[in-house]
Amino acid sequence: MFKILLIISVIVAIFCLCVVIGCLFAAAKENSLPDIDDVELVELFTSKIQKA
């Protein structure tokens with residue numbers, strides 16, 4: 001009985017570790033998106049270029 005619980009707890013620990021790693025990858029991708037200030041600067045430059 002103890003071995004079964006040990007195996008289940010190891011599997012759950014590995015699963016939780018994979019979830020944490022997945023969250024870290026998602027956060028890294030989210031941080032690589034342009035900020036709102038960057039988008040406003042790009043829109044400002046494109047509007048000035050279109051007016052010229």
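By the rule used here (a pair of cysteine sulfur atoms within 2.5 Å), the count comes to zero disulfides. A disulfide is a covalent bond between the sulfur atoms of two cysteines. For C16, the closest cysteine sulfur is in C18, 9.3 Å away, so it is too far for a bond. C16 is partly exposed, at 41% relative accessibility, and C18 is also partly exposed, at 48%.

Those labels have simple cut-offs: buried is under 20% relative accessible area, exposed is over 50%, and partly exposed lies in between, using a 1.4 Å probe and protein chains only. This is a predicted model, where local features need pLDDT of at least 70, side-chain atom pairs need 80 or more, and totals for chains, interfaces and linings use all residues. Residues are numbered from 1 along each chain as its sequence is written, and side-chain values use heavy atoms, without hydrogens or water.

Now to the chain as a whole. Its secondary structure comes to two helices and zero strands, taken from DSSP runs (H or I, at least four residues, for helices; E, at least two, for strands) numbered from the N terminus. Of its 52 residues, 0% count as buried. The accessible surface is about 5,100 Å², with 76% belonging to carbon and sulfur atoms; such areas come from the Shrake-Rupley method with a 1.4 Å probe.

Finally, look at the start of the chain. M1 lies in the segment before α1 (2-31) and is exposed, with a relative accessible area of 76%.
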